[in-house]
Amino acid sequence: MYTEKLLADMGIELAPVCRKGNAVVPIRRYKDLLFISGHGPTDPEGKPLMQGCVGEDLTQEQGFEAARLCAISMLRTLKDYLGDLDRIVEWIKVLGLVNSGGDFWAMPATINGFSNVIVSVYGERGRHARAAMGSANHESQYPVVVDAVVRIRD
């Protein structure tokens, strides 16, 4: 439970996940890999904490915070699935989509909000390959959506 202690030291508490029925699963496992569905900045009930278009409704700093909240949401899902976040061996790949408009082009800097949380918690094991792209019209008007692939141990 070392990882959860680090999160607590960062002021991050992982509340239990609300398990509403859905056709899409939050995580699909293949051997020692977990493919994690896109996570927006949500509370434990799955309700949006932030909404809007970065570069129009929200600043880049607010987009960064939305990405940070995506990391917390994803860690909450992983904790629910794995029981122990220390089972994560390494973060392999992250895709960050920024609902962006106007002349906004700082997608990588925005997704750093997600990556910084993961690297702060997992250190070298948290360093990951990543794509950060602009997109439009996210579900629930999320400013940021992030999916990932992680490797775990049994």
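A: Gln-51 has a relative accessibility of 43%, so this residue counts as partly exposed; the value falls between the cut-offs of 20% for buried and 50% for exposed. The model is a predicted one. Gln-51 sits in the loop that runs between strand 2 and helix 2.

Its contacts come next. Leaving out residues up to four places away in sequence, Gln-51 touches Leu-58, Ser-140, Gln-141 and Pro-143.

One of the contacts of Gln-51 is Gln-141, a residue in the loop between strand 4 (129-135) and strand 5. Gln-141 has a relative accessible area of 52%, so it is exposed. Its backbone also deserves a look: phi is positive, about 60°, although Gln-141 is not a glycine. Most residues other than glycine have a negative phi. Lys-31 is another non-glycine residue with a positive phi, here about 55°. Lys-31 belongs to the loop between strand 1 (27-30) and strand 2, and its relative accessibility of 62% makes it exposed.

The loop that holds Gln-51 leads from strand 2 to helix 2, and two residues of that helix can be compared. Ser-73 lies in helix 2 and is buried, with a relative accessible area of 5%. Apart from residues up to four places away in sequence, Ser-73 touches His-39, Gly-40 and Thr-42; of these, His-39 falls within strand 2 (33-39). Asp-80 is also in helix 2, but at 33% relative accessibility it counts as partly exposed. Asp-80 and Cys-18 are separated by 62 residues in sequence, while their C-alpha atoms are 9.7 Å apart.

The largest nonpolar core has 37 residues, and the members touching the most others are Leu-75, Leu-78, Ile-88, Trp-91 and Phe-114. Two or more residues each come from strand 2 (33-39), helix 2 (60-82), strand 3 (88-99), helix 3 (107-122) and strand 5 (144-152). Helix 2 gives the largest share, ten residues. In soluble globular proteins, nonpolar side chains tend to be buried together.

Now the whole chain. Three helices and five strands are present, and along the sequence they follow the order α-β-β-α-β-α-β-β. The radius of gyration is 15 Å, close to the 15 Å that the globule rule gives for 154 residues, so the chain is as compact as a globular protein of that length. Along the principal axes, the C-alpha atoms fill a box of roughly 45 × 35 × 30 Å. Of the 154 residues, 43% are buried. Among contacts between residues at least 6 apart in sequence, 81% join residues at least 24 apart.

As for the surface, the chain exposes about 8000 Å², and carbon and sulfur atoms supply 52% of that area.

Notes. Residues are numbered from 1 along each chain as its sequence is written. This is a predicted model: local features need pLDDT of at least 70, side-chain atom pairs count only at pLDDT 80 or more; totals for chains, interfaces and linings use all residues. Side-chain values use heavy atoms; hydrogens and water are left out. A nonpolar core is a set of buried Ala, Val, Leu, Ile, Met, Phe, Trp, Tyr and Cys residues joined through side-chain atoms within 4.5 Å. Buried means under 20% relative accessible area, exposed over 50%, partly exposed in between (1.4 Å probe, protein chains only). Helices (H or I, at least four residues) and strands (E, at least two) are DSSP runs, numbered from the N terminus. The radius of gyration is taken over C-alpha atoms; the globule rule is 2.2 Å times the number of residues to the power 0.38. Contact means heavy atoms within 4.5 Å. Accessible areas come from the Shrake-Rupley method with a 1.4 Å probe; for residues, only the protein chains shown count as cover.
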